[in-house]
Amino acid sequence: MKLLPCAVRGVLAGLMISIGGYVYLGCENRVVGAVFFTVGLITITLFGFDLYTGKIGYRLGQSRQERWQTLLSLPCNAVGCLAAGLARQPAGAVLALCEARLAKAPLTLLVDGIFCGILIFICVEIYKTRGTVLGILICIPTFILCGFEHSIADIFYFCNARIFSWQAVLVVLLVALGNALGALIIPAARLVYQPKEE
């Protein structure tokens with residue numbers, strides 16, 4: 001596995017999610033901000049960048065090398081978010097947004113991560129199978145407006161707010177676990193209702 005290309009794709013994905021986060025924080029209207037946040041995932045899918053939440057749902061069918069690439073994407077996404085988050089002063093209501101995440105109960109964070117993971121898998125699968133970003137334009141604003149948790153976006157928010165506590169790390173890890181579990185629900189279910197042909 002060539003680590004450098006994987007790392008670059010991962011860092012770029014974190015950067016794009018951060019740009020989506022900046023535009024969301026810069027919009028007074030939550031709906032408008034949620035729609036424009038999609039610039040991040042649209043760019044990631046069109047350019048083939050490696051986003052942890054977009055790749056983890058395909059883990060069941062991945063080769064050993066692809067699984068390592070998926071795992072590598074998480075820390076690389078974090079590097080992109082760190083660079084982008086520190087590049088500018090805290091944006092909009094990012095401090096209040098982070099405080100709300102830190103105040104959530106662990107089970108709530110996990111469940112919110114699961115629901116987000118489901119929606120991320122759906123929109124990525126629509127793009128992969130249909131070649132359209134329509135799923136992204138619907139599913140991404142949906143998870144944002146529902147208050148579900150996206151681990152990579154949360155990393156950006158914490159970095160931009162300059163919150164580097166162990167509690168913030170635990171929030172991100174718990175949400176990342178939830179994202180993974182949610183993203184794997186539909187692929188796992190397919191093994192039951194769509195068995196492989198012999």
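1. The radius of gyration used here is taken over C-alpha atoms, and the globule rule is 2.2 Å times the number of residues to the power 0.38. For 198 residues, a compact globule would have a value near 16 Å; the chain has 16 Å, which agrees. Taken along the principal axes, the C-alpha atoms fill a box of roughly 55 × 35 × 30 Å.

2. This is a predicted model, in which local features need pLDDT of at least 70, side-chain atom pairs count only at pLDDT 80 or more, and totals for chains, interfaces and linings use all residues. Residues are numbered from 1 along each chain as its sequence is written, and side-chain values use heavy atoms, with hydrogens and water left out.

3. The secondary structure comes to 10 helices and 0 strands. Helices (H or I, at least four residues) and strands (E, at least two) are DSSP runs, numbered from the N terminus. The pattern along the sequence is α-α-α-α-α-α-α-α-α-α.

4. Of the 198 residues in the chain, 47% are buried. Buried means under 20% relative accessible area, exposed over 50%, and partly exposed in between (1.4 Å probe, protein chains only). The chain exposes about 10100 Å², and carbon and sulfur atoms supply 68% of that area. Accessible areas come from the Shrake-Rupley method with a 1.4 Å probe; for residues, only the protein chains shown count as cover.

5. Contact means heavy atoms within 4.5 Å. Among the contacts in the chain with a separation of 6 or more, 80% are between residues 24 or more positions apart.

6. Helix H9 (residues 151–160) has 10 of its 10 residues buried, so it is largely enclosed by the rest of the structure. The buried residues of H9 include Ile152, Phe156 and Tyr157. Their cover includes H1, helix H4 (52–55), H5, helix H6 (94–103) and helix H10 (166–193). After H9 comes Arg162, whose phi is positive, near 60°.

7. The largest nonpolar core has 51 residues, of which Phe37, Ile140, Phe143 and Tyr157 touch the most other members. H1, helix H3 (39–47), H5, H6, helix H7 (106–130), H8, H9 and H10 each supply at least two residues of this core. Such a core is a set of buried Ala, Val, Leu, Ile, Met, Phe, Trp, Tyr and Cys residues joined through side-chain atoms within 4.5 Å. Not counting residues up to four places away in sequence, Tyr157 touches Gly21, Tyr24, Leu25, Phe37, Val94, Leu97, Cys98 and Arg101.

8. Ser73 lies in helix H5 (residues 64–87) and is buried, at 1% relative accessibility. Leaving aside neighbours within four places in sequence, Ser73 is in contact with Asp50, Leu51, Tyr52 and Lys55. Gly135 is in helix H8 (residues 134–146) and is buried, with a relative accessible area of 4%. With the neighbours within four places in sequence again left aside, Gly135 contacts Cys123, Ile126 and Ile140.

9. Helix H1 (residues 3–26) gives the largest share, 5 residues. Leu4, found in H1, is exposed, with a relative accessible area of 64%.
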